[in-house]
Amino acid sequence: MSDATLPPADELAQRFARIYEREPILEVRGLGKQFATAGGSVQALRDVSFKVHRRELVCVIGPSGCGKSTLIRILAGLETLSSGQVLVDGKPVSGPGRDRGMVFQGYSLFPWLTVKRNVMFGPEMSGHPHNVAEGMARQWLELVGLSDFADAYPHQLSGGMRQRVAIARALVNEPRILLMDEPFGALDAQTRAKMQTHLLDIWKNLDVTVLFITHDLDEAIYLADRILVLKAHPGEVQEIVEVPVPRPRSPAQFSSEAFRATRAHIEALIHPPVVHHTMPDEEAAAPSTMIRFTAVDDNVE
Amino acid sequence: MKARNIASFLLPLLVWCLVSYVPFIWHPKVQVQEPGAVDYFQPGMLIDRADFEREAADMAQQQLALPTGLPANPIYLPAPHQVAKALYTAFAAVPEQKDAPRLHQSLWHSIQIILWGFLLSSAIGVPLGIVCGTYRNVGRLSEPFIEFFRYLPAPAFGALAVAVLGIYDGPKIAIIVIGTLFQQVLIIANTTRKLEITLLEAARTLGTRGVRLITRVVLPGILPDLYRDQRILLGWAWTYLIVAELIGTSSGITFFITQQARYQHFENVYAAMLIIGVIGFGSDVLLARLGQWLFPWDRTQERT
C-alpha cells in the first residue's frame, strides 16, 4: 500500500475536513421505513443516519433489496417515513418540494412536451412568466449541450440525451440537493461513461449537492466523495466510505491503487465472504445442477 | 390509401356483382315476363323457380301459351346498380311521397341525436372517468355501482325514458347517453390509471400540486389514449342509435329504413345502410388523421 498513486493520509484527511466544514444540506436522522404487506410488516430501512454537506457528491450503494430506492423516494417526499427525520437546510421536510430535484431512472420526461417545454415545466409551476421560464430553459439546455434539440420531442432523443434533459429539468429549479435514482442504469456502457463525466462537469461548475443511487461500484467510486454502503434485510447503513481517489477524477484512475483498494473494500462489504442469507436471493434461487437441453456430444466448451 | 385497403372494399363488391349479374349463380326466383296462359302470373312477378317450372310444364301439357321469365334474385337482394340508383334518387330526385322524410333529412336527424347523446355523455363521463382514475377513493366509491349499472341494457330504459322525457328526441338522446356513459367512465378511468406513475412523481418533485397535477400532467398525458377511447365510444353510440330511434315516435334513419322495408323498397334500405357505414367509417378515418396531427409525440396514433 506504499504505492505513489495513493494520496498521503494527511492530504486525504484535509480534503474531507474541508468538506465537513461546509454546512450540511441534507441531514437524515434515525430514518426507518416499514411496509405493510400481506405477510405482516416488513422493515425496509432501519435507523439510517447520515449527513450530506454542501457541494458534496454522495453515492448510495448496496445489494438489491437494501432499500436504496425507498431511501431516495423518502428523501424526495414521494414516500412517507415510518420513523426518524429528514432535514433539508435544518428544516424537516414533508412531501415533495422544489428544494429537492429528482432524476429518475427512465421514462420521466413528459412525452407531450418538447425538450424546451419539459425544462420550462418547473419554472412555470413556480409562477415564472412564460418568457422568463423560456430563458431559463435555454440557459440550462445549453449547459447540458442540448440547445440544438430544444424543439425535439423526448421520443426523438437517445437515452443519454433524455437523461441530460431530465438533469436540466431538475436543475432549473435550483434545488438545494439533486437526488438521482440510478439515472444511468438503463444506458449502455459507453453512454454511461460519458454521462458520468458530464455529471462531474456539471457538479464542478454549479453550487449543487448530489445524492446518487447506483448499483455499479465503479460508478460510485468514480463519482463520489463518500459512499454510503447499505446492507439488506433490513436496509441499514453498513459503512460510510470516504473515497481516497483524488480529484479531479478521470477514467484513467480506474486502474489506480486507490481506486482498486476502495473497490476491494466495498466489494467485501457488499458480498461478505461467508454468506448467511435468511431470505432467498437470486443466487440461492438458481438451480445447483442445470438440466441439459442439447445433444450429449454437442459441447461448446 | 394503400392498394390492399381498396381491395378490402372491392372484394365484397365483386361478390355482390357476381351474385347479382351472373344468372347461373344463385338466382332462386324467376321474374315473369309473359304470363302466358297461367292465370295468376303477372308481368314483373317474382316466382320460385320450382313453381315456375311446374306451371310451365302444366301449360306445355295442356298445349297452352307458355309463360316466359328471367332468372332473378329475391327482392331483398337488389343489384348494385339498383342501390346506386336509389342513392342518387335519395339525394337528387324528387320523392314520390311529398310528405315522407327524405333520406338526407332522416340522416341529419340521426346525426344530431348521436352528437347530442355523445356530447352529453362525454361532458359527464370524461371528467368523472379521469377523477375516478386519478383518485383511488373516488374510483372505489363510484366504480362498483357503475360496473353494475352498465349491465342494465340501455334499451330497457326506453319506456322509462319516454315516461320522463316525452316522445320526441329526449328519450332517444337519453338512450344513447345511458348506453355510452357507463362504459365511458370505466374505460377512461382505466386509461387514466395506465398513465406512467413516474410522470406524476416527476411533476410533484418539480413543484406541481393539487388540481394542476390533473390539468398539467394527467390530462395531457392521457390525451392521445383518451382521444382513441372517444373514437371507439362514438362507434358504440351509433349502435345504440337504432334502438333509440324506435322509441317513442320513430324517427331518423331507422324510421326511413323500416318504412322503406315495409314497402319492400330494399334498394333504399341498402342505400341508407351504406350511407351509415360511409359516415361512420369516414368520420373514424378523419378522426384518426386528426389524431396524428394533434398528437405528434404519440407514435401509437400512426398504427391505428
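This is a predicted model: local features need pLDDT of at least 70, side-chain atom pairs count only at pLDDT 80 or more; totals for chains, interfaces and linings use all residues.

1. Chain A overall. You'll find nine helices and 10 strands in this chain. Its radius of gyration is 21 Å, close to the 19 Å that the globule rule gives for 301 residues, so chain A is as compact as a globular protein of that length. Along the principal axes, the C-alpha atoms of chain A fill a box of roughly 70 × 55 × 50 Å. Of its 301 residues, 37% count as buried. Looking at contacts in chain A between residues at least 6 apart in sequence, 70% join residues at least 24 apart.

2. Chain B overall. This one has 11 helices and three strands, and from the N terminus the order is α-β-β-α-β-α-α-α-α-α-α-α-α-α. Its radius of gyration is 27 Å, whereas a compact globule of 304 residues would come out near 19 Å. The box filled by the C-alpha atoms of chain B is roughly 100 × 50 × 35 Å along the principal axes. As for burial, 32% of the 304 residues of chain B make the count. Of the contacts in chain B with a separation of 6 or more, 69% come from residues 24 or more positions apart.

3. Where the chains touch. The contact involves 15 residues of chain B and 21 residues of chain A. On the chain B side, the elements giving two or more residues are helix H8 (197-205) and helix H9 (211-245). Which of them gives the most? That would be H8(B), with six residues. By class, the chain B side has six nonpolar, five polar and four charged residues.

4. A residue to check in H8(B). Glu201(B) sits in helix H8 of chain B. Is Glu201(B) buried or exposed? The cut-off for buried is 20 or more other C-beta atoms within 10 Å, and Glu201(B) has 20 such neighbours, so it counts as buried. Its C-alpha atom is separated by 9.8 Å from that of Leu213(B), 12 residues apart along the chain.

5. Helix H3 (residues 115-125) and helix H4 (residues 130-143) of chain A have axes that come within 8 Å and cross at roughly 125°. The two helices are therefore oblique to each other, and H3(A) passes H4(A) in a right-handed crossing. From H3(A), the residues making the contact include Val119(A), Met120(A) and Pro123(A); from H4(A), they include Met136(A), Ala137(A) and Trp140(A). The residues of this contact divide into 10 nonpolar, no polar and three charged.

6. A buried helix in chain A. Eight of the nine residues of helix H2 (residues 68-76) of chain A are buried, so this helix is largely enclosed by the rest of the structure. Lys68(A) and Arg73(A) are among the buried residues, as are Leu71(A), Ile72(A) and Ile74(A).

7. Strand E3 of chain B. Pro71(B) lies in this strand, which covers residues 68-72. With 16 other C-beta atoms within 10 Å, Pro71(B) is partly exposed. Leaving out residues up to four places away in sequence, Pro71(B) touches Pro23(B), His27(B) and Val30(B). Pro71(B) and Ile47(B) are 24 residues apart in sequence, with their C-alpha atoms 9.6 Å apart in space.

8. In chain A, a cis peptide bond joins His233(A) and Pro234(A), with omega about -10°; Pro234(A) is in the loop between strand E9 (226-231) and strand E10 (236-242). The bond from Arg247(A) to Pro248(A) is also cis, with omega near -5°, and Pro248(A) is in the loop between E10 and helix H8 (257-270) of chain A.

9. Glu174(A) has a phi of about 50°, and it is partly exposed in the loop between helix H5 (159-171) and strand E7 (177-181) of chain A. Gln63(B) has a positive phi of about 55°. Gln63(B) is exposed, with 8 other C-beta atoms within 10 Å, and lies in the loop between helix H2 (49-61) and E3 of chain B.

Definitions and conventions
Residues are numbered from 1 along each chain as its sequence is written. Chains are lettered from A and ligands numbered from 1 in the order in which they are written. Axes are lines fitted to C-alpha atoms, for helices over the stretch in contact, and angles run from 0 to 180 degrees between N-to-C directions. Helices (H or I, at least four residues) and strands (E, at least two) are DSSP runs, numbered from the N terminus. Angles under 35 degrees count as roughly parallel, over 145 as roughly antiparallel, 65 to 115 as roughly perpendicular and the rest as oblique. A crossing is left-handed if the near helix is turned anticlockwise from the far one by less than a right angle, and right-handed if clockwise. Two residues are in contact if their C-beta atoms, placed from the backbone, lie within 7 Å. Ala, Val, Leu, Ile, Met, Phe, Trp, Tyr, Cys and Pro count as nonpolar, Asp, Glu, Lys and Arg as charged, and the others, Gly among them, as polar. The radius of gyration is taken over C-alpha atoms; the globule rule is 2.2 Å times the number of residues to the power 0.38. A residue is buried if 20 or more other C-beta atoms lie within 10 Å of its own, exposed if 12 or fewer, and partly exposed in between; C-beta atoms are placed from the backbone.
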